[in-house]
Amino acid sequence: MDFSTQLDDLQQRAADAKTSAQAAVSESRDQLRQRIDQAKVEVDQKATDARQDARGVAADARSKWAQMKADTAAKMDDLQTRIDKRADQIDTNVAADDADWAEDDAAAAIDYAAWTVDNARLAVLDAIDARVYADELATTAGS
């Protein structure tokens, strides 16, 4: 399995997220809405893919990670609902509380992503070790 390609993709996604956040700071609200809409399209597509992966994996019960991806997709649906409701808010205090919540949620999402990366590293190393061990056993058994 080519973990390097997957890790390169993950690294590129993190770099794209950072670039997007840096650019968003100086954009107008309309530009931010466009950026959010585009990000939503991308997240929705990934969520659909995750749900399909989870269905396939759930059928043979092979991976907790696929279920975690599906659960995260559901959380993203909830986040979109809150984003949509924000447009209807008029009260300044409610909007300020919502902004605080959104910042806390973003920080938690970044923490979760870091935790996920750490666990992915461990899973990749474990997979490589398992393959090396299996190959060693096959070589020893063939001798």
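Leu7 is found in helix H1, which spans residues 3-24. The model is predicted: local features need pLDDT of at least 70, side-chain atom pairs count only at pLDDT 80 or more, and totals for chains, interfaces and linings use all residues. Residues are numbered from 1 along each chain as its sequence is written, and side-chain values use heavy atoms, with hydrogens and water left out.

The protein contains four helices and zero strands. Its pattern along the sequence reads α-α-α-α. Helices (H or I, at least four residues) and strands (E, at least two) are DSSP runs, numbered from the N terminus. Helix H3 covers residues 64-86. Helix H4 covers residues 92-142. Of the 143 residues, 10% count as buried. Buried means under 20% relative accessible area, exposed means over 50%, and partly exposed lies in between (1.4 Å probe, protein chains only). Accessible areas come from the Shrake-Rupley method with a 1.4 Å probe; for residues, only the protein chains shown count as cover.

Leu7 has a relative accessible area of 37%, so this residue is partly exposed. Its C-alpha atom lies 9.0 Å from that of Ala120, at a sequence separation of 113 residues. Leu7 also contributes to a nonpolar surface patch, together with Leu10 and Val117. Patches are made of residues with over 30% relative accessible area and no salt bridge; like charges are joined within 9 Å, and nonpolar side chains (Val, Leu, Ile, Met, Phe, Trp, Tyr) within 5 Å.

Leu125 is found in helix H4. Leu125 counts as exposed because its relative accessibility is 51%.

Three salt bridges are present in the structure. A salt bridge is a side-chain nitrogen of Lys or Arg within 4 Å of a carboxyl oxygen of Asp or Glu. Asp9 and Arg13 form one of them, at 3.2 Å from N to O. Both residues lie in helix H1, four residues apart, about one turn of the helix. Asp9 is partly exposed, because its relative accessibility is 38%. Arg13, at 43%, is likewise partly exposed.

Glu27 and Arg35 form another salt bridge, with the closest N and O atoms 2.5 Å apart. Arg35 has 28% relative accessibility and therefore counts as partly exposed.

Asp105 is bridged to Lys75, and here the closest N and O atoms are 3.6 Å apart. This pair links distant parts of the chain: Asp105 belongs to helix H4 and Lys75 to helix H3, 30 residues apart. Asp105 is buried, because its relative accessible area is 16%. Lys75, with 42%, is partly exposed. Asp105 also has a C-alpha separation of 9.1 Å from Leu79, 26 residues away along the chain.

Charge also gathers on the surface. Asp91, Asp97, Asp100, Glu103 and Asp104 make up a patch of negative charge. Lys and Arg count as positive and Asp and Glu as negative; His and the chain ends are not counted. The place of a charge is taken as NZ of Lys, CZ of Arg, CG of Asp or CD of Glu. Glu103 lies in helix H4. With a relative accessibility of 54%, Glu103 counts as exposed.

Rings of Phe, Tyr and Trp (its six-membered ring) pair if their centres lie within 6.5 Å; planes under 30 degrees apart count as stacked, over 60 as edge-to-face and the rest as tilted. By this rule the count is one aromatic pair. Tyr112 and Trp115 form this stacked pair, with 5.7 Å centre to centre and 25° between the planes. The two residues are three residues apart in helix H4, so about one helical turn separates them. Tyr112 is partly exposed, at a relative accessible area of 34%. Trp115 is also partly exposed, at 40% relative accessibility.
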